[in-house]
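Thanks for taking a look at this one with me.

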Amino acid sequence: MDMEANVTKVKYSELRESSWFSQFRYGSNPWMARYVYGIIFFLMNLLAWGVRDYGPSLSTVIHRHILTMDSGFEGCKGGVECLGAEGVLRVSFGCFIFFFIMFLSTVGTSKLDDPRDSLHSGWWMRKLLVCVILMILPFLIPSAIIHFYGDIAHFGAGVFLLIQLVSIISFITWLNDCCNSDKNVERCHIHVMLLATVAYVICIVGIILLYIEYTQGTCLLNILFITSTLILLQSMTSVSRHPQINAGILGPGLMGLYIVYICWCAMRSEPPGSSCNKKAEVSSTNGEKRTDWLTIISFVIALLAMVIATFSTGIDSQCFQFRKTKKKADDDVPYGYGFFHLVFATGAMYFAMLLIGWNTHHSMEKFTIDIGWTSTWVRIVYEWLAAGVYMWMLVAPVFTGSKAAADEQSS
């Protein structure tokens, strides 16, 4: 038994420093496993999209053999169009159950010789069989349960956004602290100034373009959104440059890029028929063929971005560790298995909300994602929350006294 554990340690220590191709080629291991889970998650996303866009065309067969006409969703033309939204929730429910079972099975795993490591990194044929079963079973569940899951999924998707937010802010804070540390401050000074300047220029140009593209006519709401983004950018910079904080300009510059991007996504989520989204309204009436291709390309990019965001957040379990070890042992797991699967479980709820526009009571057009006023307000509130959390993370050490203690210790 000890000999097998030593062999495992040697094999994993070699894989830890190997290339991505070697990690994937060398059989079952935790480095390869995370990519396989990402592929499974992506395929479930594609299945949910197919059920949403092409499920209504099979509504007669599905209602006759599997479902009842009482779908539990009101106001969607007799429930036919809601089959797409309900189908997304059913696929999401199966995906959530799979990753939540994996979370319960692997949470707390800390060593590579733990038997639960093989449960996370191996048994692929059995897990694929479980995936197939969990994709079928939700279509046999009464609609009332799926409707209840849809209500819970709003909360789960919010949890995913919070986890993603903490991960992004932790990375920006780590990068800023690393560049401003005593060891790297002189060597990275020019790089930090250049990167921060580029970030601020992109932010200002982006805000100007948002004013040009999304404030046509009488759209006071978009003017409010864009102006609040500009105010948040200035506020984050002022807080970061305060003498008692002195966190530099790189962090708020990178964070500014993020909130400008979120503001842009929020206004793109506005319904095409609204007075604010004039560009989408024009494109829906002119050049139909070109618009279809652009819509398909943007949909695929958005889908891939969602999967990549889930994957990158899942392997960043250290952002939630209050006590971070400086160096891992050779037999420590490379990332938190339980946290990884928890992120994917909440990510299953998140992709359901994107595909149905955070609203189970209206239909979505084909090849669209995250469209509707509910989606817009979710993005805007998330943007405000992101800026608020970042500024609090800058200010909190001053109020708690931890920054002063750290400065005294370094001096």
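1. **What you are looking at.** This is a predicted model, in which local features need pLDDT of at least 70 and side-chain atom pairs count only at pLDDT 80 or more, while totals for chains, interfaces and linings use all residues. Residues are numbered from 1 along each chain as its sequence is written, and side-chain values use heavy atoms, with hydrogens and water left out.

2. **The chain as a whole.** The protein chain has 16 helices and zero strands. Helices here are DSSP runs of H or I with at least four residues, strands are runs of E with at least two, and both are numbered from the N terminus. Of the 411 residues, 46% are buried; that word means under 20% relative accessible area, with exposed meaning over 50% and partly exposed in between (1.4 Å probe, protein chains only).

3. **Contacts and surface.** Among contacts in the protein chain with a separation of 6 or more, 77% join residues 24 or more positions apart. A contact means heavy atoms within 4.5 Å. The accessible surface of the chain is about 21600 Å², and carbon and sulfur atoms hold 67% of that area. Areas come from the Shrake-Rupley method with a 1.4 Å probe, and for residues only the protein chains shown count as cover.

4. **Helix H9 and its buried residues.** With 26 residues, H9 reaches 37 Å from its first C-alpha to its last, close to the 38 Å expected at 1.5 Å a residue. That expected span is 1.5 Å times one less than the number of residues. The buried residues of H9 include Val-192, Tyr-200, Cys-203, Ile-207 and Tyr-214. Their cover includes helix H8 (143-179), helix H10 (220-240) and helix H11 (250-268).

5. **A nonpolar patch on H9.** Which helix gives the most to the nonpolar patch? Helix H9 (residues 189-214) does, with six residues. The patch, of about 580 Å², is made by Val-201, Ile-204, Val-205, Ile-208, Leu-209, Ile-212 and Leu-230. Patches are made of residues with over 30% relative accessible area and no salt bridge; like charges are joined within 9 Å, and nonpolar side chains (Val, Leu, Ile, Met, Phe, Trp, Tyr) within 5 Å. Ile-204 lies in H9 and counts as partly exposed because its relative accessibility is 38%.

6. **Met-193, also in H9.** Met-193 sits in helix H9. Its relative accessibility is 38%, so Met-193 counts as partly exposed. The C-alpha atoms of Met-193 and Leu-250 are 7.5 Å apart, although 57 residues separate them along the chain.

7. H10 has 21 residues and spans 30 Å from first C-alpha to last, close to the 30 Å expected at 1.5 Å a residue. Among its buried residues are Phe-225, Leu-232, Met-236 and Val-239, and the cover of the buried residues includes H9, H11 and H15. Met-391 belongs to helix H15 (residues 373-400) and counts as buried because its relative accessibility is 17%. Setting aside neighbours within four places in sequence, Met-391 is in contact with Leu-232, Ser-235, Met-236 and Val-239.

8. **One salt bridge.** How many salt bridges does a search of the whole structure find? It finds one, and it joins the side chains of Arg-90 and Glu-86 (2.4 Å, N to O). A salt bridge is a side-chain nitrogen of Lys or Arg within 4 Å of a carboxyl oxygen of Asp or Glu. Both residues lie in helix H5 (residues 82-106), four residues apart, about one turn of the helix. Arg-90 is buried, with a relative accessible area of 1%, and Glu-86 is buried, with a relative accessible area of 1%.

9. **A partner for Arg-90.** The side chain of Ser-143 makes a polar contact with the side chain of Arg-90 (3.2 Å). A polar contact is a pair of N or O atoms within 3.5 Å; within protein, one must be able to donate a hydrogen and the other to accept it, and residues adjacent in sequence count only if both atoms are side-chain atoms. Ser-143 is in helix H8 and counts as buried because its relative accessibility is 9%.

10. **His-341.** Finally, please look at His-341 in helix H14 (residues 337-355). His-341 counts as buried because its relative accessibility is 0%. Leaving aside neighbours within four places in sequence, the contacts of His-341 are Tyr-37, Phe-99, Met-102, Phe-103, Thr-106 and His-120.
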